[in-house]
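Hello,

Here is the structure we talked about handing over. My notes on it follow below.

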Amino acid sequence: MSSRIRPSILSFVAVALLTMTTSQAQEWTWPDKPKNLQVLPKDFTGQRLRPVMTGFTRALGVRCSYCHVGEEGKPLGTYDFASDQNPNKERAREMYRMLGSINDHLEKIKPSGEKRVNMWCHTCHDGRARPFTLEEELDIAFKRGGVTSAIERYRDLRKRFYGRSSYDFGERSLNTFGYDLLGRGEKEGAVAVFHLNASEFPQSGNVWDSLAEAYLTSGKTQLAEIYYRKSLEVDPTNENALKKLEELEAKSVQ
């Protein structure tokens, strides 16, 4: 056997060693003495810090890169956790200070039950980085890209959060948002939202009534009549739908 090592083998060994070195350099463990602690106790160890940081990420539904300097998907060893360059880090500190202030104030209030209420990040956030209501989320999307964008946002949030308490996916939320659009003169947008609500809750007489009202406000009386009748079909006790149909019939014979 030749005593010379083939270049291909040397290349393989070099790559393997480089990979091992890079991997070791990127390995990360919770530090014994975390750096740049400003709102948490200075003597916090990594093991004490770990459940606090984990609690933050779960409460807000985010990853480390939301507040720290680092690229999502990269090893934690590449992150600069001590850096203050990410503005969300200071926001988180202020929120933590606010949380402490709220809990201090709660201690001054006589509890209504045996157990005192305690505020924590999940109390408001409940898995959302920015704790908006569903209506607020839809309005933000609408202002950015119209009703199509709002409906896409609704479907995305429903897919991700349905069955949890983060958002109210009952008929009331879409109904409220639809009437908000109608009040702002966004008639076509309101009609689209009420159609979505009717598809989500077809057994509710109220959603069909709302759709009919949107068409009536838009001057489309024939469509309004169709959906008022649909509302009565689903809910024969809907007095508003009955009244509106009587008014439309009276106008048609004049």
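Leaving aside residues up to four places away in sequence, phenylalanine 201 touches Phe169, Gly170, Glu171 and Val207 (contact means heavy atoms within 4.5 Å). This is a predicted model, where local features need pLDDT of at least 70, side-chain atom pairs count only at pLDDT 80 or more, and totals for chains, interfaces and linings use all residues. Residues are numbered from 1 along each chain as its sequence is written, and side-chain values use heavy atoms, with hydrogens and water left out.

Phenylalanine 201 sits in the loop between helix H7 (187-200) and helix H8 (205-217); helices are DSSP runs of H or I, at least four residues, numbered from the N terminus. Its relative accessible area is 23%, so phenylalanine 201 counts as partly exposed (buried is under 20%, exposed over 50%, partly exposed in between, with a 1.4 Å probe and protein chains only). Glutamate 171 is 30 residues away along the chain, yet the two C-alpha atoms are separated by 6.7 Å.

Now to H3. Its buried residues are Asn88, Lys89, Arg93, Leu99 and Asn103. Seen down the axis of H3, they fall within an arc of 150 degrees, so they line one face of the helix (the arc is that of the directions from the helix axis to the C-beta atoms). Helix H4 (121-124) is included in what covers them.

A word on confidence: pLDDT, the predictor's confidence in each residue from 0 to 100, has a mean of 89 for the protein. Over residues 9-22 pLDDT stays under 50.

Best wishes

How values were computed. Helix = DSSP H or I, 4+ residues; strand = E, 2+ residues; numbered from the N terminus.
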